[in-house]
Amino acid sequence: MTAHRSRRPATYAALAVAMAGSLALTGCSGNSKSGKSSSKKSSSKKSSKSKTKKIIGGGAAAGAGAAAGSRGARACGPGMFRFEIYSHAPNDHVVIKAVNTSSTRSCLLYNHPLVRFNGAKDPLPLLKDSNVMGGDVETVRPKGTVWASIPTGTAAQKGSGKKTYATVEFSGSDLNGSPKGPPQRVDFRNAPVAVGASQVTYWQSTLNRAESYTKPKG
């Protein structure tokens, strides 16, 4: 009887050891999976942050480049521009369109264009107060456009004869200073314009703004 009783505690002890080992292995396996999962999450966050930094960096660089281009603008001569001059329906004003032909350089255009029709001695005078919505200088970016307008709504403004060409120079920063040349000639081969004793607006950034000073009111 004594020998039979002593075997049971030994058997129970062996079972307890086996169960403890099994639990330990399960715990290690669970910790390993958890570690892998957390490491994946951590690397994903790092990747996301680095992508965000790259995008922000690109945007900042582009913005800085655009600002630098604006700061580098300087006065240009009319030789860097292409011009169009034409009567605008319903024939109550003439439009001057100037396009910066450079692909890299921004230009400053001051005040108003100096326009002479058919070899006139003096350019058209400035239409006063035609810079209410703008300033005395326009920055024209590469391939950009500026506009000026000439009222031709009255008999005196229309003049007695059709004009077949004009020359364009640029004002200096000082209205009384020397013009920037050499003059550029614009021929009206297919559509002569009628301009007499008229005036011209300041350069404007949009056609609508230029026309707002020369269209008949009402």
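Student: Which residue in the turn of the hairpin formed by E2 and E3 has a positive phi?
Tutor: In this predicted model, local features need pLDDT of at least 70 and side-chain atom pairs 80 or more, whereas totals for chains, interfaces and linings use all residues. Residues are numbered from 1 along each chain as its sequence is written, and side-chain values use heavy atoms, with hydrogens and water left out. Strands E2 (residues 81–88) and E3 (residues 93–100), strands being DSSP runs of E with at least two residues, numbered from the N terminus, form a hairpin with four residues between them. Within that turn, a positive phi of about 60 degrees belongs to Asn 91.

Student: Which residue is the bridge partner of Thr 167 in E9?
Tutor: E8 is joined to E4 (residues 107–117) by six antiparallel bridges, with Ser 171 of E8 as the partner of Tyr 110. E8 is also joined to E9 (residues 180–187), again antiparallel, by five bridges. In E9, Thr 167 has as its bridge partner Arg 185.

Student: What is the volume of the largest pocket?
Tutor: A pocket is an open set of points on a 1 Å grid over the protein atoms alone where a 1.4 Å probe fits, with protein on both sides within 12 Å along at least five of seven lines. The volume is the space filled by probe spheres set on the points, which are joined across faces, edges and corners. For the largest pocket, this volume is about 170 Å³.

Student: How many charged residues are in the lining of the largest pocket?
Tutor: The lining, made of residues with an atom within 4 Å of a point, has 13 residues, and His 112, Leu 114, Pro 123, Ser 171 and Leu 175 lie nearest the centre. Asp, Glu, Lys and Arg count as charged, Ala, Val, Leu, Ile, Met, Phe, Trp, Tyr, Cys and Pro as nonpolar, and the others, including Gly, as polar. By class, the lining has seven nonpolar and five polar residues, while the number of charged residues is one.

Key: Pairing = 2+ DSSP bridges.
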